[in-house]
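Here's a quick tour of one model, with sequence and coordinates to follow along. Have a look at the fold before reading on.

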Amino acid sequence: MLDLRSCAVGTPEDGIALANLFLSKGLITYEQGQRVPRQNFDADPSKAITSLPLAVLTNHGTASAAEIVAAALMGNKRAQVVGERTYGNASVRRTLTMDDGGAIILSVAKYYSPDGKAIQDTGVTPGVVVNEPEVQVDVDENGEPIPGPPEAAPPAQKKAEDDPVVKKALELLGVKA
């Protein structure tokens, strides 16, 4: 199981490298823009480390490099993606420095899933959608969150059987929680 939930760091190159660890063949992704010619990123069989069954967990906080991984593994039918639709943030960006010292960051090309969907436009929709439970926060009469007592113990580690996304992924992999 590869848990990419709330993973929004890393470069597209990091996502391509991670996806390649699980793919022995196929298109991982490609980038293309109005003035950026298409560039394919294909799996290198020498970099694959396993062919064991795999499930990938995603949510709305999954972005950028992690989305490339999820799209590649799902698009190549290498893994089942379980969870929520991802954020939609995989693009090539260029920084333009302004005369006043400011900057503008432009997306000049997009990364695409193996089936041709622009990840930035659509995110990655799991094959098995499972919504995460909403975190309940106590609020005061003004709608402000009520902080817990400072001496409160850290939250207990979440158990796999209490996580509906993990539970579903294990079920798909044929593992009993």
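Is S6 buried or exposed? S6 is exposed, because its relative accessible area is 57%; buried means under 20%, exposed over 50%, and partly exposed in between, with a 1.4 Å probe and protein chains only as cover.

## Ground rules

This is a predicted model, where local features need pLDDT of at least 70, side-chain atom pairs count only at pLDDT 80 or more, and totals for chains, interfaces and linings use all residues. Residues are numbered from 1 along each chain as its sequence is written, and side-chain values use heavy atoms, with hydrogens and water left out.

Helices here are DSSP runs of H or I with at least four residues, strands are runs of E with at least two, and both are numbered from the N terminus. Most residues other than glycine have a negative phi.

S64 counts as buried, because its relative accessibility is 9%.

## A covered helix and what follows

Helix α2 (residues 65-75) is mostly covered, with nine of its eleven residues buried. Among them are E67, I68, V69 and L73. Just after α2, K77 takes a positive phi of about 55 degrees.

Strand β6 (residues 91-97) runs antiparallel to β7, and the two pair over seven bridges; pairing takes at least two DSSP bridges between strands. R94 has L106 in β7 as its bridge partner.

L106 also belongs to a nonpolar surface patch with L96, M98 and I104, about 320 Å² of accessible area together. That area is a Shrake-Rupley value with a 1.4 Å probe. Patch members have over 30% relative accessible area and no salt bridge (a Lys or Arg side-chain nitrogen within 4 Å of an Asp or Glu carboxyl oxygen); nonpolar side chains (Val, Leu, Ile, Met, Phe, Trp, Tyr) are joined within 5 Å, like charges within 9 Å. I104 lies in β7 (residues 103-112) and counts as partly exposed because its relative accessibility is 39%.
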